[in-house]
Amino acid sequence: GNQSAHNIANNCRQHNYHYQHRCFSALSSMNEPTLFTASSSAEDDVLSNSDGVSTSSLRSDVRTMGTLLGDAIALHHGEDILEKVEALRSMAKQSRQQQQGEGRLDSMVQFVEKLSPEELVIVSRAFAHFLGIANAAEAHERCRRLKIALSNEVNDYNPANGGKAPAPIGALHANKRDSTAGVVSNLLYSDDGNTPTKDEIFKSLTSQTVEIVLTAHPTQVNRRTLLEKHSRVQKILTEADEVRSSKGTSYRQQQLDDALRREIASIWQTDEVSRVKPSPQSEAERGTLVIETVLWEVLPNFMRKLDATMKSSMGDDYSLPLTASPFKFASWMGGDRDGNPNVTPNVTREVCLTNRIKAAELLEKDIREIMGSLSGNPPRGMDGTCRFESAAMQRIRDRVGKDSRAPYRSFLHPVAERLANTSAWARAELQKVQNGGVSDEGSLFSTDDIFLDKDELMEDLITVHESLCDTGNAVAADGRLVDVIRKVSAFGLTLVPLDVRQESDRHSEALDCITRYLGVGSYLQWDEAARVNWITNQLQSKRPLIRSGAWNDNGEIFTPTAVDTLETFNMISEQYDESLGAYVISQCTSASDIMAVLLLQRDAGVKKPLRVAPLFETLDDLNGAAATMDQLFSIPAYIGSLEGRKQEVMIGYSDSAKDAGRLAATWAQYEKQLELVEVAKKHSVDMTFFHGKGGTVGRGGNPNTFNGIVEHAPGTVNGQFRVTEQGEMINQNFGYADRAERTLDIYTAAVLAEQHTDRPLPNQEWKDVMDKLSEISCEAYRKIVRGDERFVPYFRAATPELELSKLNIGSRPAKRKASGGVESLRAIPWIFAWTQTRLNLPTWLGVGEAINQVLASEDEQTLRQMYNEWGSFRTTIDLVEMILSKSDSSIARHYEDVLVSDPAAVDLGSEIRKIHDGTEQAIKDLTGHKILAENDHLLLQLMAVRNPYVDCLNVLQAETLKRLRANENSDEEQVLNDALLTTITGVANGMGNTG
């Protein structure tokens, strides 16, 4: 309790350890760490800097938590180790302040070399945990600022200055260009002459859809246990803000201080290293946790605010329709088998059933809550008869009888029971799958006892809503019931449908086994025309290709991977509606790759085939995408299979950038999407793009989601935006309620703004310059990454790439194939490794050479005009600039000094760092900036605070790698591995992203 919460401080005082000298603490006046210092009031956080940003509240919170962390370290490990942590921190701060050039890390290096393996672990943990709780504080700070800004919008509104727009209501941010309220206001009351009507805005808002696809890509380095603790820290900080603003009692303040002390102490005592590799099932559970614990309530809350904003801005006639679905969620966790042999057909079955269990349990709880609130009867007259006639009320009476005293409760009772049956049925089916089919409990339920179709559930809920509205109870109807209706619209009975993803070679291999089994030849030896012709004939034929299970009796023909592929299609045929979403084909290069999946689904007896989404991911794939789809759409058998003539195409941002470099990949993605749109128009196909982006810029990410969407190529979004959200970004964007709501708002605002933002296509002159930039940058990038024989040895020695597989943060291997070099390495560890050394090479390599060559040519003024006038190009350059501002070639030089012994690789490292420095100068020349990211004051402030701590972790990591590589299979190896994995987690926390 409270007594134990003070034990840390008491023990430290017994050891004569003074707060003002402690690690991470600059609080010379703090006698006892508290969230309630005289200067910590959020209301007193005066906006003081040039960009109106003050970080005083954030700094106060971080100092308090740093002090508490120091308490925990001192208690558990003694003052000596804490003094070593503090000594290293002081050296790092001093080196940053003095900027001593190449030798600035020398004192830190000499200090770390003397640490024992056990001390390396503890010191690394100190800095890693500090950055983890600093991230929690920064996440809270963003939410705090949003609340203050929203309050100021309402309180500072002056009708005299308000123009034509109505007064803000404080639901969403009317003064922010990346909030839906701000976009609606700007569209309605702009003076540019292109103002859309209210009806047009309403149509856009009610027809647009953002689909967030949660993926299991292994970029979340923090354990789920620690993420939950960080979330509780944010909750404590939020409550502290509320206590400050309401002048809460000293007792309440003490309670929160004690709660924070307990949480920080618990964080220090928690093992930050994942000891076992997660299974695909546990990955899926971790991924859907954000739906269950955050989005399940945040989404309907956001939609209430969206509804209020629409009515406030446009009038009561423009309310959000009850069943509108501006958001959908899907998942790859348990369905993505590309290069992951751990995702078997049974794994997908298990995850689909687990999702149904969770959805049914959540919905049953909500329905029973509604039953508790709707305990009465519709209004009755003095004679006891209902005062209002209603067809919906009659449907309710038909089910429950005219004399029911609580008709709504009686009507919903069988709904709740049926949901309970649904979860029990799914649990029994899950047990059957896990036991190899040895259970018949599922047969206890008939289809009439359970919900398999969300429309059935929705019909009952809409009946209750209509009845309440018809009988004078609109207020009750618009309460919790509306929230549940919107949950059913967004999440259905499956929580998140799973996409299935597999590489194209697997389908070709399966068809090759089938054609050899049938005696018609070898599919793999046929050319593209022969493959397309054969598949077309099979699609037109009604005969099945092969008897189900025949592959198990013919092992001499059917390979194990072909059997797995065919069993996967059998599994697909068993699934109920909405369990699965799209079938994504990775490494797709031809029309036959797409048609093969259509044929395999038909032959497996899939009643409602999954939509087939080709994934074009390398530069060559992107360049050939339009021709592939044009050929495909010219085949009647395929075009006839498209439901509503809709086609989804996935664009791979990660692998194209890894293949060709950031600049060439970005231009190819932009240009080829435009070409694909034209192909779709030619064939009267409605094309939706699925954007496969990572969290980092090197994998297509953009911290500014709003700009990232609005600057997409014109005509490629059109109100339908499907995008992956993965790894650490799931937690950053959706792990905390306030942040999740803001993320939903930004996505909604961006897709709305994109539909009504006039963005002319680049003219031919700009296209020619982009072609030149792309060609130069791609050649420069590939010259080093592919063409220089020194590169792979340098990469493997100078980064922790080889050691990343020990992290246990994902279920799939780091490589698609066990052998091979960088080309077979997945994009995530490729980016991850360079992030650790702070060089971030994949994001900028080739960019500087391209800019410098064009600036030195006759196209100089055109390039400068492009940066100033073309939003998409400016966004690309600004993102590279932002990454360069977070990079540090002196840290990369230190890794080389410690870890690279091959003279040729050392020379390459020196050349790469010169290219890095030259790229910085090229970016500053083009942007006109004196320092990188000079307009992003908050980023510069945060990195200035973080850099010394990350420097410490980099020095610790390089030393640990040196010892590990020199002492393989030694007694110290396990301890050193722990130290390494801790530094990897810490650097990732410090940089704010991983892969």
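Guide: Helices and strands here are DSSP runs, a helix having at least four residues and a strand at least two, numbered from the N terminus. With those labels, glutamate 578 is placed in the loop between helix H20 (560-574) and strand S4 (580-586). Note that the model is predicted.

Visitor: Why is glutamate 578 called partly exposed?

Guide: Buried means under 20% relative accessible area and exposed means over 50%, with partly exposed in between. Glutamate 578 has 37% relative accessibility, so it counts as partly exposed.

Visitor: What is the phi of glutamate 578?

Guide: Glutamate 578 has a positive phi, near 70°, and it is not a glycine. Most residues other than glycine have a negative phi.

Visitor: Where does leucine 495 lie, and what is its phi?

Guide: Leucine 495 sits in the loop between helix H17 (480-491) and strand S3 (498-503). Its phi is positive too, about 65°, although leucine 495 is not a glycine.

Visitor: What makes leucine 495 count as buried?

Guide: The limit for buried is under 20%. Leucine 495 has 0% relative accessibility, so it counts as buried.

Visitor: How many helices and strands does the protein chain have?

Guide: The protein chain comes to 39 helices and 8 strands. Of its 995 residues, 59% are buried. Among contacts with a separation of 6 or more, 81% are between residues 24 or more positions apart.

Visitor: How do you know that the length of helix H6 agrees with its number of residues?

Guide: The expected span is 1.5 Å times one less than the number of residues. Helix H6 (residues 117-155) has 39 residues, so it should span 57 Å, and its end C-alpha atoms are 57 Å apart, which agrees. Helix H6 is also mostly covered, with 28 of its 39 residues buried.

Visitor: What does that check give for helix H21?

Guide: Helix H21 (residues 591-603) has 13 residues and should span 18 Å; the distance between its end C-alpha atoms is 18 Å, so the two agree. In H21, 12 of the 13 residues are buried, including Ala591, Met595 and Asp603. After H21 comes glycine 605, with a positive phi near 85°.

Visitor: Why is strand S8 called largely enclosed?

Guide: Strand S8 (residues 720-726) has 7 residues and 6 of them are buried, so the rest of the structure largely encloses it.

Visitor: What makes S8 a partner of strand S1 and of strand S7?

Guide: Two strands pair if DSSP finds at least two bridges between them. Strand S1 (residues 209-215) has 7 bridges to S8, in the parallel sense. One of the bridge partners in S8 is glutamate 725, which goes with leucine 214. Strand S7 (residues 686-692) pairs with S8 over 2 bridges, also in the parallel sense. There, histidine 691 has valine 723 as its bridge partner in S8.

Visitor: Where is arginine 645 found, and which residues does it touch?

Guide: Arginine 645 is in the loop between helix H23 (636-639) and strand S6 (646-652). Leaving aside residues up to four places away in sequence, it touches Ile639, His683, Ser684, Val685 and Asp686. Arginine 645 and histidine 683 are 38 residues apart in sequence, and their C-alpha atoms are 9.3 Å apart in space.

Visitor: Which residues does the "active site" annotation cover?

Guide: The UniProt annotation, from an unreviewed entry, covers His217 and Lys658. Lysine 658 is found in helix H24 (residues 653-660). Its relative accessible area is 10%, so lysine 658 is buried.

Visitor: Is cysteine 352 buried or exposed?

Guide: Cysteine 352 has a relative accessible area of 4%, so it is buried. Cysteine 469, at 32%, counts as partly exposed.

Visitor: How many disulfides are there?

Guide: A disulfide needs a pair of cysteine sulfur atoms within 2.5 Å. By this rule, the count is 0.

Methods
Residues numbered from 1 in each chain as written. Predicted model: local features only at pLDDT ≥ 70, side-chain atom pairs only at ≥ 80, totals over all residues. Heavy atoms only, no water. UniProt positions renumbered as here; feature names shortened; annotations may be inferred. Buried < 20%, exposed > 50% of the residue type's maximum accessible area, 1.4 Å probe, protein only. Contact = heavy atoms within 4.5 Å.
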